[in-house]
Structure formats: structure tokens, C-alpha cells
Amino acid sequence: MQHAYPFASAGTLAAESTLVIELAPLQVRCESCGAETEAEPNRLICAGCGGCHTQLVSGDEMLLMSVELITAEGSNHV
Amino acid sequence: MCDTCGCNITPGNREFAYKPVNGTTAVAVLKNLLARNDDQAIHNRQHFDQQRLLAINLMSSPGSGKTALLEATIDALRNEYRIGVIEGDLETENDAERIRAKGVPAYQITTGSACHLDAHMVHEALHQFPLAEMDILFIENVGNLVCPASFDLGQHRNVVLLSVTEGDDKPAKYPVMFRAADLLLLTKSDLLPLLDDFSPARVEANLRNLASTVPVMQLAARKVLGLQPWLDWLRSELARQRARVGRGETVQSRLQPNGAHLHEAAT
């Protein structure tokens with residue numbers, strides 16, 4: 001995405017804009033003990049109690065979080 | 001949808017959503033970048049549920065035996081259920097021809113250079129099918145242990161195949177795929193006695209490290225060995241699907257980003 005973005009945005013309103021990719025930490029929530037702990041991609045069990053009934057709560061999403069607009073000079077930069 | 005109300009914010013990304021910015025206006029968007037695919041997948045699932053059929057997405061490396069599993073499954077269930085198959089490959093009609101040779105309707109999607117099926121491709125294929133005359137629809141995804149795991153096609157269940165010649169550390173190497181499995185099949189199990197470096201127990205340990213509690217079964221489709229648990233799983237999943245449809249409910253396979261959904265459930 002980082003490499004493709006300048007090409008995809010060229011000639012559009014978003015030309016000259018910067019794409020910022022922020023990585024979210026990988027976290028799981030344990031259904032047994034309730035702890036939210038950091039995990040590794042191939043080790044998603046609870047770091048607290050070692051339980052396997054966990055849910056990934058962060059680190060698996062790909063979201064467009066926000067767009068910054070500069071409007072002072074009348075031109076919009078996305 | 002929750003993409004617009006902001007409840008996609010999870011503990012891990014909250015700080016990014018409201019980061020103060022000097023001299024500019026930050027507009028929160030929080031749009032899932034796969035939203036268009038996911039919307040189409042929901043639509044596909046509605047098609048399936050209207051027809052009371054069970055849709056299964058088969059994923060694995062190339063050559064692990066997806067088509068061979070389908071051939072054996074068709075042979076075993078042809079008098080019990082009406083089956084249809086959507087095949088995904090970059091090129092050729094080979095797999096669809098193998099399925100048609102079993103007397104079952106098959107539609108081949110050729111993706112050209114795409115390494116996975118997406119919900120739009122499957123939707124186009126659906127309209128080539130007599131869905132109303134079908135009990136189980138198998139979607140054989142492009143052979144690939146990476147990208148197919150990220151695209152919801154509208155299926156109810158994901159079945160991941162791992163042939164015993166591929167190595168027992170695959171769940172650790174390709175966690176996104178194996179975490180998406182609702183069922184893991186170890187295929188070509190008749191070769192196990194010849195392989196001194198493949199341990200089904202290590203596969204299962206690596207899978208459990210992904211916090212997955214799904215069943216693991218061994219079978220050898222071309223030798224018609226060990227098929228019974230798989231066939232029973234299919235029967236029970238179809239019964240569960242019909243019961244769900246009767247209650248006006250549906251179910252998604254495991255591949256969705258859990259964080260966003262968990263957050264939806266909590267708000």
C-alpha cells in the first residue's frame with residue numbers, strides 16, 4: 001500500500017498527500033480470566049492464564065482511520 | 001453500520017482514531033478497507049440462506065487435495081445430497097471438468113492473476129447455478145495459504161486442508177489461514193508411515209497455540225480412508241444450517257477481523 005499509494009493518488013484530490021500506516025498491537029482477550037494481553041501472530045493463547053478461549057481484540061483490522069484536511073488556503077489536502 | 005458510528009474503535013487502535021493534529025482537521029473515517037467485499041459477502045450469504053443451503057469454503061496450498069476431497073465426497077454423498085461446486089484457479093477448467101465428470105454442476109472461476117476468490121467473483125458464479133436445487137455448495141478457493149483467508153465470500157464454514165507432505169509447522173507459519181479454519185483436515189494421511197518428520201500431534205499443538213479449538217481430522221480421499229468423520233461433520237453442519245435458517249439466523253465463518261465484531265457485540 002505504501003508503494004502503490006503515490007500512483008493511486010496521482011491526478012486526484014489526494015495527490016501530494018501522505019499515507020500514514022500505523023500498526024496496532026496484537027492483543028487477545030481471555031474469556032476465562034478476562035485479561036487482555038499482547039500476543040504473537042502464531043501464539044494467541046492468553047499470556048496470563050494460558051487459556052485457549054481467547055478472542056483477538058486488536059491487530060487484525062485494516063481500517064481507514066481518519067483523513068486530515070487542510071482548508072486554510074481553500075485547497076484540500078487529503 | 002458500525003463503520004460509520006465509530007464503534008470499530010478497538011483498544012488497540014483507539015489512540016490513532018483521536019490523535020490530535022496541529023493545524024489540520026482530522027476527520028474520523030474508520031472504514032474497513034474490505035467493506036465492499038464484506039457487503040457483497042453478506043448478500044451472497046442471504047442467497048445461500050434463502051435456498052437453505054450450506055456453503056463451505058475450502059482453502060489450502062495448491063496440491064493438498066481439495067479437488068480429490070470433493071470427488072470422494074461427491075461419490076459418498078451423491079444419493080444423500082444435491083451438491084454444487086465453484087472452482088477457483090488462475091487458469092484452466094481442469095478442476096471443474098473433474099467435478100462435472102462426477103455428474104455434479106461445477107462452475108470454474110479463472111482469476112487471471114488474482115491469488116484468491118473475492119465475494120464479487122463468487123456472486124457472479126452464483127447466477128450460473130441452480131441454487132434452488134442444491135443442499136451443499138462447495139467453493140474451492142485458489143490454492144494459497146495466505147490471501148484467501150482474508151476475504152469473506154459469504155460462506156458459512158471454512159475448511160482448511162493440510163496435506164501431510166507439507167510440514168507440521170504450517171499453522172505456526174501461516175496463522176491467519178489456520179485461525180480462519182472451522183475444521184482442519186490432514187489429507188493424504190495414507191502417506192504418514194512414509195514420513196518421519198510429520199507429526200499430527202505437532203500440527204494440533206501449533207493449531208491450539210492459535211487459540212483454536214476446532215476439530216482436526218485425518219483422511220486420505222483417494223484411498224477412501226477416514227472419510228466418515230468428515231461426512232458426519234458435513235451432515236451435522238447442514239442440519240445446523242437448516243435449523244438456523246428456520247430461526248431466521250445465519251452464521252459467518254471464522255475469518256472476519258474479530259476485534260471490530262467483538263466491539264460491535266459489546267456496544
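In the predicted model, B:Asp232 is partly exposed at a relative accessible area of 40%, where partly exposed lies between buried (under 20% relative accessible area) and exposed (over 50%), with a 1.4 Å probe and protein chains only. B:Asp232 forms a salt bridge, with closest N and O atoms 2.8 Å apart, to B:Arg235, a salt bridge being a side-chain nitrogen of Lys or Arg within 4 Å of a carboxyl oxygen of Asp or Glu. B:Arg235 is likewise partly exposed, at 24%, and both residues lie in helix H10 (residues 227-246) of chain B, three residues apart, about one turn of the helix; helices (H or I, at least four residues) and strands (E, at least two) are DSSP runs numbered from the N terminus. Salt bridges that share partners also join B:Arg157, B:Asp182, B:Glu237 and B:Arg240 into one network.

B:Arg157 is buried, with a relative accessible area of 10%, and B:Asp182 is buried at 9%.

Residues are numbered from 1 along each chain as its sequence is written, and chains are lettered from A and ligands numbered from 1 in the order in which they are written. Local features need pLDDT of at least 70, side-chain atom pairs count only at pLDDT 80 or more, and totals for chains, interfaces and linings use all residues, while side-chain values use heavy atoms, with hydrogens and water left out.
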